[in-house]
Amino acid sequence: MELVGIQPTISAFNIGLRAAASNGDTVMLEEIRSMIEKAGLSLNVNSYEIIIQGLCANHELEHALDLLGDMTVAVNERGQPDETGRPAIDVQPSLSCFTPVIQLAMELHESETAYLVLKMAEVQAGLSRIPAVVYTDLMARAAEDYVLEAVEYCWKKGVKEMQSNPDEGTCMLLLNCAGHEKAPRLSAEVIQYMGESGMEFQEYHFAPLLQAFSLAKKFKSAFNVLSIMRTSGMTPTVLTATSLLKVLDEPGYIEDALVCMQEMHKEGKAVDVLAFNVLIEACGRTKALTRAMTIFEMAPSLGVEPDTDSYNALLTGCIADRNMMEGKNVIAMMQRAGVDPNVDTYQSLITLCLTQINYEDAFMYLEEMKSHNVIPSEGIYTSLVRKLARENDMRIKFAVEEMESFGYTVGRNLRLYIETGGLSNLEESERRKRIRVSQRRRSSNPTQFTALDI
């Protein structure tokens, strides 16, 4: 254009900028900017939109952020931030200047940065101009990155105010984030939204909600979640309540949870048997067997009818305490109550027997288990074989053969354990090390024969 005497306009330069930006050629972008300055022209908002898009296409997030900062942060004559000053680039940025930066930050899992840029866009470009999809996209990515502040803000703006409709997958991301970050209110709102949207609830939808209440130490609400699940036709399991069990493992919280349970009963609310079982198992895991038995005896006063898992929870405590006598007492209680044992019951009994010096009952329970057409787990056989190896029990051969007959593999470590008579890998390693050291000492100090020896 200059060769034919035509002065290029900023619109013409913007065409060149767009061509460079589409290829992510930031070097060419800078060259064209220099040409614009030499021509005595100023970049307009369209120019900056194109440049920022080019920087983002080339994944130059920091460069794009710097440019946005120059357009939005007021500075004084010395270039320092000053609310009474003006931005270094006196061009009002449009929404198109912000959205590519937000998208790149999300792509790079820089959710906190994306959130900050979004807040800048609300001030600079106008809140009413930002579409709901920007909020919902950031909400989902921030949930993946566990940036709770961004998630809660975008949930409020995008879903509650702008009536966006996130799908089930996004809702699960939100629930997982809320559970991880101890945000029960967000969990409850997402569950409510899912119900109002007609989504079919599953057990895994409630697990994060239970986790959020548990981590926040809101035991009464956590117990209510279990009751809601059961009344909704779902059967909560110990796996569902894993987060609650982990919290109750911490000192002091068992008693707090028990008080909440008693308050619920006084208020006329049902105490779910799973909540009761988790409390007992937590006692057992912390080696408080006596306390576990005491709480078990409180079942009638809490309106709870113990089930098989209740007794299994007691057996967990017996194993931790290596208390065979109390374990047999639990089985007797179970029989008197007419409660049938399950696979876990037998496996707990066998494990308990293997903690004793006299472990003959382990074989009895193993045979009884098989008589009910129940195949013992690989873990049970592994524990049995290791016990037999330590005790140098000749029946180990038959135990290994039976283990293999059920398709279980006797691995290298277990075979080494058997061969060394019950030594662990570390113990065997130390034993072999001592042998090598002894051999080296003998070789470095050969016997000196004398004439008398000959």
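# Core, rings and salt bridges in a predicted model

Student: In this predicted model, how many residues does the largest nonpolar core have, and which residues have the most contacts inside it?

Tutor: The largest nonpolar core of this predicted structure counts 141 residues. Helix H15, which covers residues 273-285, gives the most to this core, with nine residues. The residues with the most contacts inside the core are Phe223, Leu248 and Phe276.

Student: Leaving aside its neighbours within four places in sequence, with which residues is Leu248 in contact?

Tutor: Leu248 is one of the residues with the most contacts inside the core. Once the neighbours within four places in sequence are set aside, the residues in contact with Leu248 are Phe219, Tyr253, Ile254, Ala257, Val278, Leu279 and Ala282.

Student: Are the planes of the Phe276 and Phe296 rings stacked, edge-to-face or tilted?

Tutor: A pair counts as stacked under 30 degrees and as edge-to-face over 60, with the rest called tilted. The centres of the Phe276 and Phe296 rings are 6.4 Å apart and their planes lie at 40°, so this pair is tilted.

Student: Is Phe206 buried or exposed, and what is the relative accessible area of Phe201?

Tutor: A search of the whole structure finds nine aromatic pairs, and Phe201 and Phe206 form a tilted one, at 5.3 Å centre to centre with 55° between the planes. Buried means under 20% relative accessible area, so Phe206, at 4%, counts as buried. Phe201 is instead partly exposed, and its relative accessible area is 24%.

Student: How far apart are the end C-alpha atoms of helix H10, and what span should its residues give?

Tutor: Helix H10 runs over residues 184-196, and its buried residues, among them Leu186, Val190 and Met194, pack against helices H8, H9 and H11. At 1.5 Å a residue, the 13 residues of H10 should span 18 Å, and the end C-alpha atoms agree with this at 18 Å.

Student: Why are Arg141 and Glu144 separated by about one helical turn?

Tutor: An α-helix has 3.6 residues a turn, so residues three or four places apart point the same way. The side chains of Arg141 and Glu144 meet in a salt bridge, 3.0 Å from N to O. Because these two residues are three apart in helix H7 (residues 132-144), their separation is about one helical turn.

Student: Which helices does the salt bridge of Arg291 and Glu255 link, and how many residues apart are the two?

Tutor: The side chains of Arg291 and Glu255 meet at 2.9 Å, N to O. Arg291 is partly exposed, with a relative accessible area of 26%, and Glu255 is partly exposed as well, at 36%.

Student: Which residues are linked in a network of salt bridges?

Tutor: The structure holds 16 salt bridges, including one between Asp361 and Lys328 at 3.2 Å, N to O. The residues linked in a network are Lys220, Glu263, Glu267 and Lys269.

Definitions and conventions: Residues are numbered from 1 along each chain as its sequence is written. This is a predicted model: local features need pLDDT of at least 70, side-chain atom pairs count only at pLDDT 80 or more; totals for chains, interfaces and linings use all residues. Side-chain values use heavy atoms; hydrogens and water are left out. Helices (H or I, at least four residues) and strands (E, at least two) are DSSP runs, numbered from the N terminus. The expected span of a helix is 1.5 Å times one less than its number of residues. Buried means under 20% relative accessible area, exposed over 50%, partly exposed in between (1.4 Å probe, protein chains only). Contact means heavy atoms within 4.5 Å. A nonpolar core is a set of buried Ala, Val, Leu, Ile, Met, Phe, Trp, Tyr and Cys residues joined through side-chain atoms within 4.5 Å. Rings of Phe, Tyr and Trp (its six-membered ring) pair if their centres lie within 6.5 Å; planes under 30 degrees apart count as stacked, over 60 as edge-to-face and the rest as tilted. A salt bridge is a side-chain nitrogen of Lys or Arg within 4 Å of a carboxyl oxygen of Asp or Glu.
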